Amino acid sequence: MEEVEIELEYAPRDVFLDFHDRTQRWAVVVAHRRCGKTVSCINDLIFRALTEDKENARYAYIAPYYGQAKTIAWDYLQRYAKPVTSKANQSELWVELINGARIKLFGADNPDALRGLYLDGVILDEYADMRPRIWGEIIRPLLADRLGWAVFIGTPKGHNGFYDIYSMAEKSKDWYVKTLRASQTKLLPDSELKDAFNAMTEDQYLQEFECSF
């Protein structure tokens with residue numbers, strides 16, 4: 001088969017470059033608001049679906065709610081996968097790429113929709129808003145026979161399942177771990193951060209923009 005060069009639209013923000021280059025099977029990213037994490041995750045799925053060279057590969061993006069996945073991530077998936085899409089199903093929220101790999105969007109509010117599937121990779125976006133049981137009881141077994149990978153990403157919401165994953169990952173060499181604080185990424189103007197600080201409580205600001213658990 002003749003090799004075809006495909007130019008994708010996505011230009012990753014510098015703060016996500018090493019995320020895309022990671023080699024670890026498991027990853028957790030704690031990210032401030034408006035840093036571009038959903039766009040980065042969708043493009044990571046597209047890249048890996050194209051390059052991991054698995055037969056009938058299946059990948060998933062999971063948001064806390066199905067409606068949230070449809071509203072936030074579906075447009076991104078269609079847009080960035082367009083150059084390499086062979087078919088798409090809007091009613092079921094999946095795209096199939098030119099190599100046969102398929103990426104589908106799910107909501108953690110309907111975990112039964114995932115049962116019986118297999119996955120080669122999965123993004124759990126805003127994991128702090130999901131019930132922790134969805135990982136151990138449903139998603140982790142779906143990765144077993146295909147040796148699939150997983151990414152947990154989101155903004156802190158106190159000491160919950162996301163905090164537990166983050167705390168465990170920090171102690172393990174088998175995990176990729178990254179924290180993206182607004183004061184460090186410089187993705188948002190200082191004037192905007194100052195205005196947000198004045199409009200929010202200190203705890204709210206530290207949680208949403210400085211990734212404080």
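A residue counts as buried when its relative accessible area is under 20%, as exposed when that area is over 50%, and as partly exposed in between. The structure described here is a predicted model. With the cut-off in hand, Y80 is buried because its relative accessible area is 9%, whereas Y76 is partly exposed at 26%.

**Aromatic pairs and charges over rings**

Y76 and Y80 both belong to helix 3, which covers residues 66-81. They are four residues apart, about one turn of the helix. An α-helix has 3.6 residues a turn, so residues three or four places apart point the same way. The model holds 14 aromatic pairs in total. One of them is formed by Y76 and Y80, whose rings are tilted at 35 degrees between the planes, with 6.4 Å from centre to centre.

I72 is also placed in helix 3. At 36% relative accessibility, I72 is partly exposed. The C-alpha atoms of I72 and T38 are separated by 8.1 Å, although the two residues are 34 residues apart along the chain.

Which parts of the chain does the pair of Y166 and F213 tie together? Y166 lies in helix 5 (residues 161-170) and F213 lies in the segment after helix 8 (202-210), so the pair joins parts that are 47 residues apart in sequence. The rings of Y166 and F213 are stacked, at 5.2 Å centre to centre and 25 degrees between the planes. Y166 is buried, with a relative accessible area of 11%, while F213 is partly exposed at 23%.

Ring pairs also link W26, Y127, W135, F152 and W175 into a cluster. Another ring, that of W149, has charged residues over it: R22 lies over its face at 5.3 Å from the ring centre, and the charged end of R48 sits over the ring at 5.6 Å from the centre.

Strand 4 spans residues 94-97 and is covered on both faces. In a regular strand the side chains alternate between the two faces of the sheet. On one side of strand 4 are W94 and E96, on the other V95 and L97, and all of these are buried.

Strand 4 pairs in the antiparallel sense with strand 3 (residues 85-89), over four bridges. Within this pairing, N89 has W94 as its bridge partner. Four residues lie between the strands of this hairpin, and L93 takes a positive phi near 55 degrees.

Strand 4 also pairs in the antiparallel sense with strand 5 (residues 102-107), over three bridges. Here V95 stands opposite I103 of strand 5. This hairpin too has four residues between its strands, and G100 in the turn has a positive phi of about 90 degrees.

**Nonpolar cores**

The largest nonpolar core has 37 residues, and those touching the most other members are I46, Y59, Y61, L77, I103, L105 and I123. Among the elements that give two or more residues to this core are strand 1 (26-31), helix 2 (37-51), strand 2 (58-63), helix 3 and strand 4. Apart from its neighbours within four places in sequence, I46 is in contact with L77, Y80, A81, V84, L97 and I103. A second, separate core of 28 residues includes L119, A128, L142 and A150.

How many of the residues of helix 2 are buried? The number is 12 of 15, which leaves the helix mostly covered. Among the buried residues of helix 2 are K37, D44, I46 and R48. The 15 residues of helix 2 should span 21 Å at 1.5 Å a residue, and the end C-alpha atoms are 21 Å apart, so the two values agree.

C211 is placed in the segment after helix 8.

The table lists the relative accessibility of some residues named above.

| Residue | Relative accessibility | Class |
|---|---|---|
| D53 | 70% | exposed |
| I72 | 36% | partly exposed |
| F213 | 23% | partly exposed |
| C211 | 6% | buried |

Terms used
Residues numbered from 1 in each chain as written. Predicted model: local features only at pLDDT ≥ 70, side-chain atom pairs only at ≥ 80, totals over all residues. Heavy atoms only, no water. Phe/Tyr/Trp six-rings, centres within 6.5 Å; stacked < 30°, edge-to-face > 60°. Buried < 20%, exposed > 50% of the residue type's maximum accessible area, 1.4 Å probe, protein only. Lys NZ or Arg CZ within 6 Å of the ring centre and 35° of its normal. Pairing = 2+ DSSP bridges. Core = buried A, V, L, I, M, F, W, Y, C linked by side-chain atoms within 4.5 Å. Contact = heavy atoms within 4.5 Å. Expected span 1.5 Å × (residues − 1).
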